[in-house]
Amino acid sequence: MKKNLMIDLSKFLMIVALILLMAGGYVINRKKLQLREAANLPYYKIELTEIEDGIYTGKTQTSFLHLELEIQIENHKIKDIKVLQNDGLDGEKARPIVTEMIEQNKIVVPAIKGAERGSLVYISCVSTALARK
């Protein structure tokens, strides 16, 4: 009886381990696909010296993040970036990239560690908005 119980317990533990491995693999694969999706978004080389003063709106949607931004340009500088919509994964974690863009007056700034996917979406959204000048 005790031997059967040990066999049942070891089978149960093996099944649990297999399920955890499969779930981990799924999560890792999903993150890779999302990162690839973010990397394939449109990115435009924008010279801020060529952008006129005004308010520009950008909207970018991926399978994991829906983002809408309002970018204010004044004297060829990024004066403000307002987040109008931020629904999904990495959106809030990547939000500090807005401050970096304003402080550095650049669209392409280093991604926020741990929120690389969201950072790429922010960069794409700003560059797309300003490309529509």
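## A close-up tour of a predicted chain

Figure 1. What you see here is a predicted model, where local features need pLDDT of at least 70, side-chain atom pairs count only at pLDDT 80 or more, and totals for chains, interfaces and linings use all residues. Residues are numbered from 1 along each chain as its sequence is written, and side-chain values use heavy atoms, with hydrogens and water left out. Q34 sits in helix 1, which covers residues 2-39. Helices (H or I, at least four residues) and strands (E, at least two) are DSSP runs, numbered from the N terminus. Which residues does Q34 contact, once its neighbours within four places in sequence are left aside? They are F64, L89 and R117, where contact means heavy atoms within 4.5 Å.

Figure 2. Along the principal axes, the C-alpha atoms fill a box of roughly 80 × 20 × 20 Å. Of the 133 residues, 32% count as buried. Among contacts between residues at least 6 apart in sequence, 53% join residues at least 24 apart.

Figure 3. Y44 belongs to the loop between helix 1 and strand 1 (54-61). Its relative accessibility is 41%, so Y44 counts as partly exposed. Although Y44 and S124 are 80 residues apart along the chain, their C-alpha atoms are separated by 7.7 Å. Not counting residues up to four places away in sequence, Y44 touches S127, T128 and A131.

**Figure 4. Helix 3 packs against helix 4.** Two packed helices are described by the angle between their axes and the distance between the axes. For helix 3 and helix 4 the angle is about 45 degrees, and the axes are 9 Å apart. This makes helix 3 oblique to helix 4. Axes are lines fitted to C-alpha atoms, for helices over the stretch in contact, and angles run from 0 to 180 degrees between N-to-C directions. Angles under 35 degrees count as roughly parallel, over 145 as roughly antiparallel, 65 to 115 as roughly perpendicular and the rest as oblique. On the helix 3 side, I97, V98 and M101 meet S119, Y122, I123 and V126 of helix 4. By class, this contact has 6 nonpolar, 1 polar and no charged residues. Here Ala, Val, Leu, Ile, Met, Phe, Trp, Tyr, Cys and Pro count as nonpolar, Asp, Glu, Lys and Arg as charged, and the others, Gly among them, as polar.

Figure 5. H76 is not a glycine, yet its phi is about 65 degrees. H76 is placed in the loop between strand 2 (65-74) and strand 3 (77-88), and at 37% relative accessibility H76 counts as partly exposed. N105, also a residue other than glycine, has a positive phi near 50 degrees. Look for N105 in the loop between helix 3 (96-104) and helix 4 (116-131). With 24% relative accessibility, N105 counts as partly exposed.

Notes: Buried < 20%, exposed > 50% of the residue type's maximum accessible area, 1.4 Å probe, protein only.
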